[in-house]
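I opened this model to take notes on it. The entries below follow the order in which I looked things up.

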Amino acid sequence: MIELAQITPPVGFDLYVLQSLTGDSLPKVARATVPFFFLLCLGAAII
């Protein structure tokens with residue numbers, strides 16, 4: 001799983017850090033970040 005962090009830094013690394021801090025599974029942490037990803041895309045489209 002470390003390969004993901006090396007391919008998409010710092011997003012992949014941040015997901016692993018959040019997983020270890022919360023104790024939740026990686027898919028649960030990734031699903032929780034989806035709304036923020038769409039907001040980021042919306043902001044980029046507005047700019």
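Entry on the source. I noted that this is a predicted model, where local features need pLDDT of at least 70 and side-chain atom pairs count only at pLDDT 80 or more, while totals for chains, interfaces and linings use all residues. Residues are numbered from 1 along each chain as its sequence is written, and side-chain values use heavy atoms, with hydrogens and water left out.

Entry on confidence. I looked up pLDDT, the predictor's confidence in each residue, from 0 to 100. The chain averages 80, and 79% of the residues score at least 70. Helix H1 (residues 2–7) has the lowest confidence, with a mean of 53, and helix H3 (residues 26–46) the highest, at 88. Where pLDDT is low, the predicted coordinates should not be read in detail.

Entry on the fold. I found three helices and zero strands, in the order α-α-α along the sequence. (Helices, H or I with at least four residues, and strands, E with at least two, are DSSP runs numbered from the N terminus.)

Entry on H3. I checked its length: the 21 residues should span 30 Å at 1.5 Å a residue, and the end C-alpha atoms are 30 Å apart, so the two agree. (The expected span is 1.5 Å times one less than the number of residues.) I also found a kink of about 35° at Val34, shortly before the proline Pro35. (The bend is the angle between axes fitted to the seven residues ending at a residue and the seven starting there.)

Entry on the pocket lining. I listed Val11, Asp14, Leu15, Leu18, Ala30, Thr33, Phe36, Phe37 and Leu40 around the largest pocket. Helices H2 (11–22) and H3 each give two or more of these residues, and H3 supplies the largest share, five residues. (A pocket is an open set of points on a 1 Å grid over the protein atoms alone, where a 1.4 Å probe fits, with protein on both sides within 12 Å along at least five of seven lines; lining residues have an atom within 4 Å of a point.)

Entry on Thr33. I placed Thr33 in helix H3. Its C-alpha lies 8.8 Å from that of Leu15, 18 residues away in sequence.
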